[in-house]
Amino acid sequence: MSDEPVAYLDAVAQMESLVARIADGEAHEQVWLVEHPPLYTAGTSADDADLLTPIRFPVHKTGRGGQYTYHGPGQRVAYVMLDLKRRQADVRAFVAALEAWLIATLWACHVRGERREDRVGVWVRRPDKGADIEDKIAAIGIRLRKWVTFHGISLNVDPDLEHFSGIVPCGVQQHGVTSLVDLGLPLAMADVDMLLRTEFEAIFGPTQAI
């Protein structure tokens, strides 16, 4: 866990190094919890038309799957570096496990998160906004190298939701974004971290703080 915001390119460099060492059997698996300064990232499926304000924040092309997303203060990013050869060499099962981890964490916060077959990530129904309205509360974007995963998930705890207006988040125009605070749950990041770790262990196994 990093207590101070981590520059995105520094995070990617550290992930790249650790993933190589995990693949070579020289390092343990790791989940790294970070926050970033405000920025946009473009996944491998990103459409340039979805970057609505290209000079607002730095834009980083990244090797993870998915489209445009936002990272910034108040959003918990978890970089998940696991060796699927030692677990289950199944990418779909891994993504489903990440979704289940987020949904269980949200449920512990008294929020019903849901997956969608046609949209990656975790979604929250918003009957207060109208029938059939949904907002995205968590995103997933991963990459694998030699069956070691990296990149991971982001959960909106209390980011500035207006910052998402500079992109079409994950290429989805008909739905919005939300956060725990936006839903009326002013949780501290430390509390969310504790729940993330508890629910991670229930799905992926025990962890050790480093």
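The legends below describe close-up views of a predicted model. Residues are numbered from 1 along each chain as its sequence is written, and side-chain values use heavy atoms, with hydrogens and water left out. Local features need pLDDT of at least 70 and side-chain atom pairs count only at pLDDT 80 or more, while totals for chains, interfaces and linings use all residues.

**View 1. The largest nonpolar core has 29 residues.** A nonpolar core is a set of buried Ala, Val, Leu, Ile, Met, Phe, Trp, Tyr and Cys residues joined through side-chain atoms within 4.5 Å. Buried means under 20% relative accessible area, exposed over 50%, and partly exposed in between (1.4 Å probe, protein chains only). F94, L98, W101, I137, L155, L180 and F204 have the most contacts inside this core. At least two core residues come from each of β5 (75-81), α2 (91-108), β7 (119-125), β8 (134-145), β9 (148-156) and α3 (189-204). Helix α2 gives the most, with seven residues. Helices (H or I, at least four residues) and strands (E, at least two) are DSSP runs, numbered from the N terminus.

**View 2. Surroundings of L180.** Leaving aside residues up to four places away in sequence, L180 touches L106, C109, V111, I137, N156, V157, L185, L187 and V192. Contact means heavy atoms within 4.5 Å.

**View 3. A second, separate core has 17 residues.** Its members include Y8, M15, L18 and V148.

**View 4. R115 forms a salt bridge with E99.** A salt bridge is a side-chain nitrogen of Lys or Arg within 4 Å of a carboxyl oxygen of Asp or Glu; by this rule the count comes to 18. In this pair the closest N and O atoms are 2.9 Å apart. R115 lies in strand β6 (residues 114-116) and E99 in helix α2, so the bridge ties together parts 16 residues apart in sequence. R115 is partly exposed, at 36% relative accessible area, whereas E99 is buried, at 9%.

**View 5. A network of salt bridges links R112, E114, R116, D118, R119, R125 and E134.** E114 pairs with R125, the closest N and O atoms being 3.0 Å apart. Because E114 lies in strand β6 and R125 in strand β7, this pair ties together parts that are 11 residues apart in sequence. E114 is buried, at 11% relative accessibility. E134 forms a salt bridge with R116, with 2.7 Å between the closest N and O atoms. E134 is in strand β8 and R116 in strand β6, so this pair ties together parts that are 18 residues apart in sequence. E134 is buried at 8%, and R116 counts as buried at 17%.
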